[in-house]
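This report describes the overall build of a protein chain and then turns to a single site within it.

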Amino acid sequence: MPKPDYTALEFPAPPDDRPYVIVNMVMSVDGKTVVEGTEQGLGSPVDQRLMRELRVHADIVLNGAETLRVSGSSSRLGDPILESIRAARGREGLPIAATITASANLPLDRIFFTAPDFDAVVYVARGAPADSVRALRATGRQVVLLPKRNDLAAMLRHMRGELGASLLLCEGGPTLNAGLFAIDAVDELFITIGPRIVGGRDTLTPVEGERAFTRRTMKQLELVSAVPNEATGELYCRYRVRR
């Protein structure tokens, strides 16, 4: 079954003030990332495998709070072979899992908080309810309060400076993706296009936000690779952001 080997990818060194940031998403042919409120059903097992192959390279796997609430969130690789590839490259254990939230209202029974096999960090907007922040800290996960302004940039600086992260894999959601693109912090975008039509006026796309980019500010990408899979009908694309 044709598919790219994402375990063999190479990435440039990160900037001094943040990790190298890659975003990975799956979408339908009409550009939708959810069906009935979740991404489940859009991608095949091959797409799921590629997602985990990207995690082999990551120091941190980031999901937005809504993604954690709806689909759960972890940094597991799900395959001893992938774990052995990671270990052979000198990377001990699993990537750190991370999420970012404005409200600090998260489901504390999810494996993000309860799993013993990976570390996790929660980035919280300053001004979130104190009781909710205390509940997060009580799980034993690291909680980092962010400034009201430039919160994503502050999160990336913490990841690079305090956690030593060289590569960040962001797996959505669309609002978080938009925020990272807006501060010019995305370096590469991986998109699996599934052979499905979802439709809907308000159905989410890979990059959402209150304001659209303009002709002057919209991000320009260059295609690095595009691999079709006739068996699944999927197309696996890798783009690099032009700067």
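## Burial and basis of the model

Of the 243 residues in the protein chain, 47% are buried (under 20% relative accessible area with a 1.4 Å probe, counting protein chains only). The model is predicted, so local features need pLDDT of at least 70 and side-chain atom pairs count only at pLDDT 80 or more, whereas totals for chains, interfaces and linings use all residues. Residues are numbered from 1 along each chain as its sequence is written, and side-chain values use heavy atoms, leaving out hydrogens and water.

## Overall fold

The protein chain contains 7 helices and 9 strands (DSSP runs of H or I with at least four residues, and of E with at least two, numbered from the N terminus). Its radius of gyration is 17 Å, close to the 18 Å given by the globule rule for 243 residues, so the chain is as compact as a globular protein of that length; the radius is taken over C-alpha atoms, and the rule is 2.2 Å times the number of residues to the power 0.38.

Among contacts with a separation of 6 or more, 71% join residues 24 or more positions apart (contact means heavy atoms within 4.5 Å).

## The Ser74 site

Ser74 is located in the loop between helix H2 (65-71) and helix H3 (80-88). This residue is buried, its relative accessible area being 12%. Leaving aside residues up to four places away in sequence, Ser74 touches Arg55, Val61, Ala97, Ile111 and Phe118. A polar atom of the Ser74 side chain lies 3.3 Å from the backbone nitrogen of Arg76.

Methods
Buried means under 20% relative accessible area, exposed over 50%, partly exposed in between (1.4 Å probe, protein chains only). A polar contact is a pair of N or O atoms within 3.5 Å; within protein, one must be able to donate a hydrogen and the other to accept it, and residues adjacent in sequence count only if both atoms are side-chain atoms.
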